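Subject: Structure for you

Hello,

Here is the structure I said I would pass on. Please open it first, then read my notes below.

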Amino acid sequence: MALWCGALWPMGGKMAAPMQRALCGAAVPWRWALGPRWLAAAAAPRWRLVGALCLQRPPSITQALSPEQEEMAQLVHQIEVEKSNFSDHEIRRLAEEEQLRKMKDNIQDEEADSGQAIVLAQDLEDAWEQKFQQFKAGPRITDADKRNDRTSLNRKLDRNLMLLVKEKVGNQELWLLPQAEWQAGETLRSTAERALATLSGNCIQAKFLGNAPCGLYKYKFPRALRTEGSVGAKIFFFKALLQSGDLPQAERKEDYVWVSRGELGDYLKPDYLTQVNRFLMDQ
Amino acid sequence: MRLARRFSWSAPFSPTSQLSWTIHFRGNHWQTSMLAFQASLPMRAEPRKKKKADPRREQAQKDRMKKKIKKLEKAALEMIPIEDFVTPFKFLDASRVRDISPLSFEESERRALLLKKWALYKQKEHEAEMETLKSLMAAQQEALEELRLESEELYQAAIRRDDDLFPFEKEGPTYTPQVPGYEAPEGKCIDVTKVYTQ
């Protein structure tokens, strides 16, 4: 056995990992003969891989303008009006106002007053205004906002809403982004897709933004739970945009929430939160 | 036709043979004389007799047309006018100009100060955006590095291009949310944009 290991040494330890493990699974004394690479592999901690999903519902209405933006918008509009010329409608309106003024001054004028069925520009404007008043726009602040119902998707229409789930990790109930453990034979993105499918039961359509993870959170298990195979876990986050669908309402009402970035702090642990905040766009 | 044409040249050109032409049987009732076969029914719809001058005249016409076409092609192509850059004359009228009194001192001061404030605001906004993007990229880079440490195969799968991502289409936000069950008022949109062809 020693001679054989010696013969393999000139290869510089370039054997494939399974072969190494097969040869030296339990053969502790032979470890030193196979070169530094195997040693490094044995000493490096093994982490469990977890794919997590950052599902975001994009905003459907624009955010309100900040005071500076409001002021600037007004100024820009003012300058625009000052630099413009009169339009046809405005000229017509001015001409008609002149006429009305003249008619009021010269009451003696009897030039076919009764025969006039002309539509004045002012009348047109009034008609348009009335039509606009009849239109009922959808409310920007919805009922769900007023009730602060965090399980509803109709809340905070001008922000990104993220899905958080309450899960039992170890012996603790924690709020975190939906995740699933990686299984051999699938990519991490498909792990995240699997997490979404198991959570929503195929009710949700989401668009994943690329194959690469957007963030990472790694943590070590408490000493008691550490084994040879796993020192801790690495959670890789994948971003997805919600296109349609929602979680089935009947199940688990208290176990999930849709929250905006500001409200994440109410649910997530501090370390986890800092890592998650790194890959969220400011709101 | 063939029937009518079959005559024998047995004898040299003699009055008897000529006579025999006219007496020869006619295969059809619409053919009044042997020689006038072009006037028979199927051919009556054609343009009338083509004189020798006609082909020449037609040829001359065609040549003239071709010359005209060549001239047009040789001339430089007329550029399609850009409607936005051409102010129609009716808008250049003097009566259209607004008469605005010059700005007061306070107003001009207020505007200048507001523009300075706005410049600062936009600068801060830009810096914040750049910071967010840097943080995004750093987080992704870190995640990919850690993934590489774990498994090369998963790393390669992660950095592979996602072909389904683009073209990416999404409706942007509006000022008010969608009203469910809203019926837009009926009307027809008639497109009056001028279309130019070169």
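First, a term: on a 1 Å grid over the protein atoms alone, a pocket is an open set of points where a 1.4 Å probe fits, with protein on both sides within 12 Å along at least five of seven lines, and its lining residues have an atom within 4 Å of a point. The model is predicted: local features need pLDDT of at least 70, side-chain atom pairs count only at pLDDT 80 or more, and totals for chains, interfaces and linings use all residues. Residues are numbered from 1 along each chain as its sequence is written, chains are lettered from A in the order in which they are written, and side-chain values use heavy atoms, without hydrogens or water.

**Pocket**

The second largest pocket is lined by 28 residues. Nearest its centre lie Pro58(A), Pro59(A), Ser60(A), Gln243(A) and Gln178(B). Its volume is about 850 Å³ (the space filled by probe spheres set on the points, which are joined across faces, edges and corners). Strand 7 of chain A, residues 232–244, gives the most to this lining, with 4 residues. (Strands are DSSP runs of E, at least two residues; helices are H or I, at least four; both are numbered from the N terminus.) The lining has 12 nonpolar, 11 polar and 5 charged residues. Here Ala, Val, Leu, Ile, Met, Phe, Trp, Tyr, Cys and Pro count as nonpolar, Asp, Glu, Lys and Arg as charged, and the others, Gly among them, as polar.

**Helix packing**

In chain A, helix 5 (88–105) and helix 6 (121–134) pack at about 120 degrees, axes 8 Å apart. (Axes are lines fitted to C-alpha atoms over the stretch in contact; angles run from 0 to 180 degrees between N-to-C directions.) That makes helix 5 of chain A oblique to helix 6 of chain A (not under 35, over 145 or 65 to 115 degrees). Their contact (heavy atoms within 4.5 Å) includes Arg92(A) and Glu96(A) from helix 5, and Leu124(A) and Trp128(A) from helix 6. It divides into 3 nonpolar, 2 polar and 5 charged residues.

**Backbone**

The Phe166(B) to Pro167(B) peptide bond is cis, omega near 0 degrees. Pro167(B) sits in the segment after helix 5 (152–159) of chain B.

Best wishes
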